[in-house]
Amino acid sequence: MNDDLDQRAASLDTAHADTDLRARFELPEGVVYLDGNSLGALPVGVADAVASVIRGQWGTDLIASWNTHGWWDAPTRVGDAVGRIVGAAPGQVVVGDSTSVRLHQSLHAAAALRPDSSVVVTEADGFPTDRYVIDGVADQVGWRVVHARVDEIPGLLDDDVAAVVLSHVDYRTGELRDLPGLTAATHSVGALAVWDLCHSAGAVPVDLDTHGVDLAVGCGYKYLNGGPGAPAFGYVARRHQDTFVNVLPGWNGHAEPFDMATEYRGAPGISRARIGTPPLLSLLALEAALRAFDGIDIGDVRARSLSLTGFLRACIEALVPGAAFASPKDDAERGSQVGVHHPAAYGIVQALAVRGVVGDFRTPDIVRLGVAAPYLTHADMVTAARALRAVLLAEEQLDPAWATRHTVT
Ligand SMILES: Cc1ncc(COP(=O)(O)O)c(C=O)c1O
């Protein structure tokens, strides 16, 4: 069926052979893994690195490891490694805690940096944690929250706005936001641009420094492949670090942590954003995972991702006529996923998994296929689209009423 797609996949895979990093990951045979935007795959070397931390460092050198194995500096060292991927010069990214915590911390810092402004602007359909954190911080600092469609936001900005908080890529639709343009619009009224990079870090060039972003947060366990519960990261642009107020002051962020001083005095630089003892095993797993990006330009990852997602869409168009795409067609507007609306999306995702194609469901009706470019091929995209067609055909036979709504010919 559709040999032409196989031929196109083969020639695209040849053309993109330089960015095929499949050998840097451990993935089960026979699985097309399209959920790397929820939990990234396991990079080669991570299991050994963690075993060595456990046996060779913790098990052997015990507490001396905090110094001899660089545990103490890990949050900022791994932060610099993340910084290389999101376009931040060293000394501006810290790793540890969850995205929710980092966002909470960033928004309080934004409120302290803009004490005379009383509005926070954000997207109406943001990820739940972002909404909850924004509402929670707004209650605490006295902000009014304005929810809007992203395209409406530039028109809503005025000098009462303290911060604009947005996801770089929409978790549900995969829509890529214009980070440079929205950051510039935010700055034009003197507000701060705060970005959630959960669905772009490791998949899309972010170039935080180049675009003058103020504060940013993101997950370690999606496209950065740090493993389940991997710590998140927080970016504080260097120009804000001296005045950065840490709403969660802990001893790890103290200027002299081992003085055990009774009064808090924030450390200089990004260390001021540290809180308490980090989850070292997860942090060092993330450090090992980031080596999967060694020698790789994130722009090349993006080029591969666009080719894969564009081809996946073309395969679905060819095999599932009339598919209702949730993700933008235009390369400039698409992150690294392809979503399809369907009223039976939940069941379709389960049926795909049985066929070895692992995606996920996002309420209310989206089959979300995340494309982590380093370990996926164009041939995988054909496999996924064929599985989708087969699932839809099987479902139609079970419930002929569907055939009238979602014709698969
Ligand atoms: C946009 C976005 N923000 C935040 C999170 C998660 O935050 P946390 O690390 O606190 O669980 C996710 C997780 O899927 C997400 O997609």
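I began with a term: a polar contact is a pair of N or O atoms within 3.5 Å; within protein, one must be able to donate a hydrogen and the other to accept it, and residues adjacent in sequence count only if both atoms are side-chain atoms.

This is a predicted model, where local features need pLDDT of at least 70, side-chain atom pairs count only at pLDDT 80 or more, and totals for chains, interfaces and linings use all residues. Residues are numbered from 1 along each chain as its sequence is written, and side-chain values use heavy atoms, with hydrogens and water left out.

**Ligand.** I looked up the residues around the ligand (a heavy atom within 4 Å) and found, among them, Phe127, Asp130, His199 and Lys222. Threonine 99 has a side-chain N or O atom 2.9 Å from a ligand oxygen atom. For serine 100, I noted 2.5 Å between a polar side-chain atom and an oxygen atom of the ligand. At aspartate 196, a side-chain N or O atom is 2.8 Å from a ligand nitrogen atom.

**Helices 1 and 12.** Next I checked two helices (DSSP runs of H or I, at least four residues, numbered from the N terminus). The axes (lines fitted to C-alpha atoms over the stretch in contact, with angles from 0 to 180 degrees between N-to-C directions) of helix 1 (residues 3-15) and helix 12 (residues 298-319) come within 12 Å and cross at roughly 180°. Helix 1 is therefore roughly antiparallel to helix 12 (the term covers angles over 145 degrees). In the contact (heavy atoms within 4.5 Å), I found Leu5 and Arg8 of helix 1 and Phe311 of helix 12, among others.

Note on methods: Angles under 35 degrees count as roughly parallel, over 145 as roughly antiparallel, 65 to 115 as roughly perpendicular and the rest as oblique.
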